[in-house]
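Open your viewer and get ready to select residues. Each stop on this tour says what to pick and what is there.

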Amino acid sequence: MDLRVMGIDSPIFQALQQMMDVGEESDKSSNAPTRTYVRDAKAMASTPADVKEYPNSYAFIIDMPGLKSGDIKVQVEDDNVLVISGERKRQEEKEGAKYVRMERRIGKFMRKFVLPENANTDAISAVCQDGVLTVTVDKLPPPEPKKPKTIEVKIA
């Protein structure tokens, strides 16, 4: 089913359409994405985030209700890619209880952000308060303007 025919043409729905098409085409093509890629793409599509820029820093804000700090991982890959990932696990069942409805998301989550050139990857902090994770990346100070270099002229 093509979502564009139904009038749904936003980037998120296009990504979902590509993921749905992967299952159909994976038997036909040897260039199909790996399961890991598809899993990561789904995790990224289902993890919304806000990004704010302040005069001296950048803030990445993601809702993480019910997660402990051990369930969340914040890393920098390739010197400029901020990766926030983790997993929300299903709670232990109490004896005699059964689900009537299950709507809360469980499973892996991940977001990747390419950091700007002025991001100081040595000054990153992460705080999770009231179910909201805030990762702060400080900015590097602006480079000093280059002063003209004076060359002494010698008489030969």
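Where is Y99 found? Select Y99: this residue lies in the loop between β4 (81-88) and β5. Keep in mind that this is a predicted model.

**Stop 1: a surface patch**

Stay on Y99. Its relative accessible area is 41%. Buried means under 20% and exposed means over 50%, so Y99 counts as partly exposed. Together with Y99 they form a nonpolar patch on the surface. The accessible area of the three together is about 270 Å².

**Stop 2: two rings**

Next, select F60 and F113. How many aromatic pairs does the structure hold? It holds 1. F60 and F113 form that pair, and the pair is tilted. A ring pair is described by the distance of the centres and the angle of the planes. For F60 and F113, the centres are 4.8 Å apart and the planes make an angle of 45°. Now show the strands. F60 sits in strand β2 (residues 57-63), while F113 sits in strand β5 (residues 107-114). The two are 53 residues apart, so the pair links distant parts of the chain. Are they buried or exposed? Both F60 and F113 are buried.

**Stop 3: along β2**

Select S57, also in strand β2. S57 has 12% relative accessibility, so it counts as buried. Which residues does S57 touch, leaving out those up to four places away in sequence? Show K52, T136, V137, D138 and K139.

The charged end of K139 sits over the ring of Y58. From there to the ring centre is 4.9 Å.

Terms used: Residues are numbered from 1 along each chain as its sequence is written. This is a predicted model: local features need pLDDT of at least 70, side-chain atom pairs count only at pLDDT 80 or more; totals for chains, interfaces and linings use all residues. Side-chain values use heavy atoms; hydrogens and water are left out. Rings of Phe, Tyr and Trp (its six-membered ring) pair if their centres lie within 6.5 Å; planes under 30 degrees apart count as stacked, over 60 as edge-to-face and the rest as tilted. Helices (H or I, at least four residues) and strands (E, at least two) are DSSP runs, numbered from the N terminus. Buried means under 20% relative accessible area, exposed over 50%, partly exposed in between (1.4 Å probe, protein chains only). A charge sits over a ring if NZ of Lys or CZ of Arg is within 6 Å of the ring centre and within 35 degrees of the ring normal. Contact means heavy atoms within 4.5 Å. Patches are made of residues with over 30% relative accessible area and no salt bridge: like charges are joined within 9 Å, nonpolar side chains (Val, Leu, Ile, Met, Phe, Trp, Tyr) within 5 Å. Accessible areas come from the Shrake-Rupley method with a 1.4 Å probe; for residues, only the protein chains shown count as cover. A salt bridge is a side-chain nitrogen of Lys or Arg within 4 Å of a carboxyl oxygen of Asp or Glu.
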